[in-house]
Structures are given as C-alpha cells and as structure tokens.
Amino acid sequence: MLRPLSEVVERMKSAKKVLVIGHIKPDGDDISSVATLVSIMRKLGKDAEGCIADNIPWFYKEIPGVSLIKNVEDLRDYEYDTSITVDASEISRIGDSVELLKNGKPDMTLDHHKTNVGFGEYDFYDSNYAATAVIVYEVGKMLGIEYTPELAEINLLGIATDTGFFKYSNTDQKVFKYAAELVGAGANIQHIASAVLEHKTLNEIKLQSEMINTLKVEEDGKLAWAYVSSDMFKRNNCTDEDAGGFVSEIRALYGVEIAILFIEWPENQVNVSFRSKNYVDVSEIALAFGGGGHERASGCSCKGVKLEDMIEKVVSKAKEVLKKY
Ligand SMILES: [Mn+2]
C-alpha cells in the first residue's frame with residue numbers, strides 16, 4: 001500500500017534485522033540502492049544484508065560497498081524481521097530472491113518506476129524521482145545518517161547512472177543538489193564514471209560493430225532498431241552484459257525518437273530494451289509484452305520465442321504507438 005515516505009522511514013526505525021533486495025539484471029541504480037540502504041541500516045546499529053539474485057557486472061565492483069551484496073544461497077539462513085525491495089516495479093523483478101520472503105511479499109518497497117503497482121505492506125513509489133538512489137538518499141537524510149566518502153560514492157553511483165551521468169530528461173534540480181551534497185561528502189564522480197563508462201573490451205566493440213550491421217531505420221527516421229543474436233554473442237565470446245550500452249548508441253542517431261534493441265539471450269529468450277528521445281512513452285510498448293519501466297526507458301523479456309517473430313511483433317507495436325503522437 002502506497003504511503004508517505006516518512007511513514008515508511010518510521011517503520012524502518014523499528015526493524016532490528018533487515019534484508020534489502022534488489023532486482024535481476026541489476027543496473028547501477030539497483031546495486032547502489034541495495035548497498036546504500038544496507039550501509040544506512042548498519043550505521044543505525046541494525047543487522048542488515050543485501051541480496052541480488054543475479055550476476056553483478058564485474059565493473060561495478062570497483063565502487064566501494066558493492067562487494068557486500070550477497071546472493072540467495074548466502075542468505076537462506078538469515079533470520080531477518082524486515083524485508084525491503086528497492087528499484088523493483090513488481091515482485092517478479094526480484095527473481096529467486098522471492099524464496100527468501102515470508103508470505104511471498106516484502107514488508108517495504110522503495111521504487112521510482114512509472115509502472116509500479118505497490119506489492120509490499122509499506123510502499124513508497126513515485127516516478128518523479130530520477131532514481132531509487134535519490135529516494136534512498138532522502139531516507140538517509142530523514143534518519144540523520146552521517147555520510148562517509150565510501151557511502152557517498154555508492155549512493156551517487158545510482159543517481160549518476162539512472163540519469164545517464166546527468167543528461168537524461170529526469171535530471172532535475174534535486175538530482176544536482178543531492179549529487180553536490182554527495183560530492184561534498186567525498187564521493188568521486190570521476191571514479192564512478194571511469195568504472196561504469198570506460199571498461200569496454202575489444203570483444204565488446206566487435207560485438208557492437210555486428211549489432212550496427214543489423215540496424216534498420218523506419219518511419220521517416222523516427223524508429224530505429226537492431227539486434228544481437230545468441231550466435232553473435234558466441235562468435236565474439238561475449239554475454240548479454242556486454243551489450244548493456246548498445247541501445248543508447250541507437251538512440252544517438254539524429255532524428256530518432258524510438259530506439260529498440262533486441263537481445264537473444266539465452267537462446268530461447270528475447271530481451272528487448274526501449275528508449276525514446278523526446279516525447280514517446282515507451283513504457284506502453286514494454287507493457288504490451290509483459291514488461292515495464294519509464295517513459296524514456298523501458299524493457300521486456302519473452303521466453304520461448306523466436307528472434308524474428310519477436311522483432312516483427314514489437315516493431316509493429318512500436319509503429320502503432322508512434323502514430324499516436
Ligand atoms: Mn532505477
């Protein structure tokens with residue numbers, strides 16, 4: 001049930017042993033929100049653990065605090081009294097972490113996705129927030145936490161990554177204000193940028209060039225899409241993690257409004273990322289295929305489908321949505 005953030009924070013105060021859970025296919029905001037909230041709870045003298053039921057891309061581990069996040073197996077015997085999910089718009093997003101939840105639902109949720117439905121007891125979600133890490137920072141403020149340089153840096157990671165390093169449309173005054181405070185507390189933005197943006201391997205660049213070869217531009221240049229097949233991953237010794245930034249490259253085309261990237265990974269599954277530039281709400285397209293997200297960035301994942309079939313269906317839906325504008 002949706003409640004004011006102050007009420008959710010009050011509820012946190014009474015917790016003794018906390019379990020913080022992030023989502024699968026973790027991004028910078030998710031990882032940051034889990035690690036930051038765990039640290040905040042520990043600073044208050046509580047027991048706290050963080051869980052993500054998926055691989056954490058290796059380059060995030062250069063940021064202090066990321067290494068404290070554990071997986072489901074590590075936490076089976078952890079007897080917490082309060083569970084909190086972060087950055088997940090619905091329960092399926094936490095993957096196998098659901099096995100750790102009593103009654104199959106969390107006590108609290110914090111999120112900023114437009115498509116959130118509220119699936120905990122104490123929910124705070126608001127899509128006006130640029131990142132869940134912004135919400136977590138406000139939680140820290142309300143609890144009077146003193147920020148060390150390490151805590152400031154892990155918190156800033158989520159704000160920086162979800163705003164595309166302070167350039168997406170969600171980059172508001174609050175983002176700059178909080179980022180300034182975190183830098184003031186000792187966070188090193190160059191360290192975050194270098195870890196997240198400058199870690200490409202040669203294989204990844206070769207994979208990207210294959211992806212570019214599949215690029216199609218339609219609807220007077222407003223719709224652009226490309227794909228990465230499982231064969232392309234295999235040929236270049238890559239995994240889906242290596243295609244993380246590709247969809248932004250498609251959106252970078254002049255005149256494009258909707259950018260779509262299809263990723264066949266693993267073989268019988270197609271994951272689709274949607275981005276828009278100025279005005280199309282791409283969460284509508286993702287929602288039509290069981291996914292969700294934000295107006296300018298969303299995604300969906302379908303199992304047991306052929307890449308070609310998925311491309312055909314999704315591209316035609318995207319054209320339909322584009323016509324409404
Ligand atoms: Mn987020």
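This is a predicted model: local features need pLDDT of at least 70, side-chain atom pairs count only at pLDDT 80 or more; totals for chains, interfaces and linings use all residues.

Reply: H1 itself spans residues 5-13, and its buried residues are Leu 5, Val 8, Val 9 and Met 12. These four lie on the same side of H1 because they cover an arc of only 100° around the axis. The general rule behind such a pattern is that an α-helix has 3.6 residues a turn, so residues three or four places apart point the same way.

Take H2 to begin with. H2 packs with helix H4 (residues 149-162) at an angle of about 155°, and the two axes are 8 Å apart. Angles over 145 degrees count as roughly antiparallel, so H2 is roughly antiparallel to H4. The crossing of this pair is left-handed. On the H2 side, the contact is made by Gly 28, Asp 29, Ile 31, Ser 32, Ala 35, Thr 36, Ser 39 and Lys 43. H4 contributes Leu 151, Ile 154, Asn 155, Leu 157, Gly 158, Thr 161 and Asp 162.

H3 meets helix H5 (residues 173-184): their axes come within 11 Å and cross at roughly 55°. That angle makes H3 oblique to H5. This crossing, too, is left-handed. The residues of H3 in the contact are Val 134, Tyr 137, Glu 138 and Lys 141. From H5, the contact includes Lys 174, Val 175 and Lys 177, along with Tyr 178, Glu 181 and Leu 182.

Two further points concern other parts of the chain. Cys 302 has the sulfur of Cys 300 as its nearest cysteine sulfur, 4.9 Å away, whereas a disulfide requires a pair within 2.5 Å. Cys 302 counts as buried, at 14% relative accessibility, and Cys 238 is also buried, at 6%.

The other point is Lys 323, which lies in helix H11 (residues 307-323). Lys 323 is exposed, with a relative accessible area of 61%. Its C-alpha atom is separated by 10.0 Å from that of Val 280, a residue 43 positions away along the chain.

Methods
Residues are numbered from 1 along each chain as its sequence is written. Side-chain values use heavy atoms; hydrogens and water are left out. Buried means under 20% relative accessible area, exposed over 50%, partly exposed in between (1.4 Å probe, protein chains only). Helices (H or I, at least four residues) and strands (E, at least two) are DSSP runs, numbered from the N terminus. The arc is that of the directions from the helix axis to the C-beta atoms. Axes are lines fitted to C-alpha atoms, for helices over the stretch in contact, and angles run from 0 to 180 degrees between N-to-C directions. Angles under 35 degrees count as roughly parallel, over 145 as roughly antiparallel, 65 to 115 as roughly perpendicular and the rest as oblique. A crossing is left-handed if the near helix is turned anticlockwise from the far one by less than a right angle, and right-handed if clockwise. Contact means heavy atoms within 4.5 Å.
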